[in-house]
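Work through the exercises below with the structure open. Try each task before reading its solution.

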Amino acid sequence: MLEQLVTKRSIRNWLLIACTAASGFTSTLCSTVALSQAGQGKATATDDLRPVYANAQDIAEGKRVAEASCAACHGANGISATKGIPHLAGQRPAYLYLELRAYQSGARSDESMTNAVKFLSDDALVKAAAYYGSQDPAQPVASSAGKSASAKKDPVQTGKAAAAGCAGCHGDAGVSKTAGMPSLIGMDPKYLVAAMKAYKNGQRKNEMMKNFLSAISDAELENVALYYGLQKPARAQTPAAGDQAAGKAAAGACAGCHGEQGVSTNAANPSLAGQDAQYLAAALQVYKDGARSDETMKALAAPLDESAMKNIAAYYANQQPQPPKVQKPLSASDLAQRCDRCHGVDGNSTDPRLPALAAQRADYLEKVLHAYQAGARKSTAMAAMSAAMSDADVENLAAYYAGKKPRAVVFVILPGK
Ligand code: HEC
Ligand code: HEC
Ligand code: HEC
Ligand code: HEC
């Protein structure tokens, strides 16, 4: 797959593996530098990567290029002091070279970078990459800051804290003990978020709920909904008077949307199983009289009289609620284990073509992760990896890697068979 990544950019090049000064003379491992001869019309049928070594003169020439064209933005020796601009020191040289080519060809777009590289020769790019790869990486930002930031941001814990004041009415962990108060368990978090936002913006009219929720940010509402989505479902501990059998018969028309036995599989339609009966009957009534506006439910509630509503409510209240399909989000370090498969232990890539993440600027990491998510920066692997990340995940992972100890470019070279 990585080979494909290389060919996709139609680079037919060789890798230059250099034992640079940075990796220390006692090291038996070598640094890697991407090298040249790229696209010079000698493309062979294969795209074999052939190791070559950079010498001190290559690095010295790279330093001259860097000082003349790059240092103003990337800092002396490739340690950036500017928001949004990555450190280059100690970055994997083959990766640096591939990215420089990508800026040149327009495959990766950034105006500053396009301007910086457009008139540089391939040889200059190779040597600049070799130079930066040979520099000592930046120091990690205090990792304790990263850690406490992610601990504070555990979405389930923050959701729980924000929901502390809700238990008085909605019951401990969302199982109602008060007739008329809805349970909040067994619901898809997306439904709960939509319902809470509807109260906040006045689309669903309830002054009391509006007041309770107005102090909670939209991001926090997601956490509250997630918290309830992860609680163990149980029937509301409230009475459910009514004829369940009659209710069951009348509920035939409801299963298509609210699911068999009231367990919905569609986030747009709330589950009704185990819900407080008085709340269910009242909800049908307010749909019918239009106080709660929903055209579909209004039409469905129109033919129901009070006793039919009670019976349906009793039937659903007695069904067993089920957990919605929601997974506890992975912590930054859980997620990072997946990233490390490609980016190396603690983000210290041992594949010359893959970027190291350790001690990279957090603001830059966030920026590029969002760029992958939006498709502004193109990479099949990273589009897939970043697609499901929340903003909090991006922030946490960026802080996590920014706090990791970087290791100078050292590649573990296995003997061929
Ligand atoms: C005017 C400021 C500016 C100059 C000059 C500049 N860069 Fe950049 N560079 C940036 C910015 C901003 C980014 C991040 C762009 C992005 O998100 O794609 C970047 C990104 C990069 C990247 C990608 C790093 C990564 O981790 O993916 C490389 C490689 C790079 N620059 C090398 C160079 C080299 C080599 C030079 C000199 C020839 C240079 N840059 C000159 C601003 C600059
Ligand atoms: C004083 C009692 C009370 C408190 C406290 C309260 N609620 Fe409510 N909540 C209600 C009532 C009553 C309803 C039904 C309102 C209606 O008919 O629309 C409701 C409805 C809801 C609904 C819609 C349920 C559904 O099935 O559509 C959600 C979601 C909700 N509340 C969340 C919360 C959250 C989160 C908190 C805490 C931040 C909270 N509530 C605090 C009484 C309360
Ligand atoms: C075509 C799909 C559809 C059908 C059929 C349907 N519903 Fe609904 N129902 C919805 C949607 C969508 C909502 C959420 C509307 C809103 O946001 O207020 C809803 C909401 C409800 C609620 C409020 C739940 C809560 O937690 O606040 C009740 C009670 C309800 N439906 C009962 C019924 C009953 C009883 C029937 C059968 C007579 C029925 N529904 C048939 C789509 C449907
Ligand atoms: C299947 C391999 C793979 C996995 C797993 C993976 N990545 Fe990547 N990552 C890549 C490749 C390939 C690139 C270079 C893509 C490009 O050229 O834009 C990359 C680039 C990046 C970059 C850009 C670095 C820079 O200097 O610009 C960041 C940040 C990043 N990945 C973060 C992550 C995070 C966080 C995870 C885990 C959630 C992750 N990656 C998982 C393959 C992977």
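**Exercise 1.** Which residues does proline 182 touch, not counting residues up to four places away in sequence?

*Solution.* Keep in mind that the model is predicted. Start with the location: proline 182 sits in the loop between α9 (167-170) and α10 (189-200). Now list its contacts. Leaving out residues up to four places away in sequence, they are His170, Ser176, Gln275, Asp276 and Tyr279.

**Exercise 2.** Decide whether proline 182 is buried or exposed.

*Solution.* Count the other C-beta atoms within 10 Å: there are 22. A residue is buried at 20 or more. Proline 182 is therefore buried. Next, take alanine 283. Proline 182 and alanine 283 are 101 residues apart in sequence, yet their C-alpha atoms are 9.9 Å apart in space.

**Exercise 3.** Work out how helices α15 and α17 are oriented to each other.

*Solution.* Find α15 at residues 277-289 and α17 at residues 306-317. Their axes come within 8 Å and cross at roughly 135°. Angles over 145 degrees count as roughly antiparallel, and 65 to 115 as roughly perpendicular. The two helices are therefore oblique to each other. The crossing of α15 past α17 is right-handed. From α15, Ala277, Leu280, Ala281, Leu284 and Gln285 take part in the contact; they meet Met309, Lys310, Ala313, Ala314, Tyr316 and Ala317 of α17. By type, the contact has nine nonpolar residues, one polar and one charged.

**Exercise 4.** Describe the shell around ligand 4.

*Solution.* The shell has 20 residues, and the closest are Cys339, Cys342, Pro355, Ser379 and Ala381. Two or more residues each come from α18 (332-343), α19 (362-374) and α20 (380-387). The largest share, six residues, belongs to α18. Sort the shell by type: 15 nonpolar, two polar and three charged.

Key:
Residues numbered from 1 in each chain as written. Chains lettered and ligands numbered in written order. Predicted model: local features only at pLDDT ≥ 70, side-chain atom pairs only at ≥ 80, totals over all residues. Near = placed C-beta within 6 Å. Helix = DSSP H or I, 4+ residues; strand = E, 2+ residues; numbered from the N terminus. Nonpolar A, V, L, I, M, F, W, Y, C, P; charged D, E, K, R; others polar. Axes fitted to C-alpha atoms, helices over the stretch in contact; angles between N-to-C directions. Parallel < 35°, antiparallel > 145°, perpendicular 65-115°, else oblique. Left-handed = near helix turned anticlockwise from the far one by under 90°. Contact = placed C-beta atoms within 7 Å. Buried ≥ 20, exposed ≤ 12 C-beta atoms within 10 Å, placed from the backbone.
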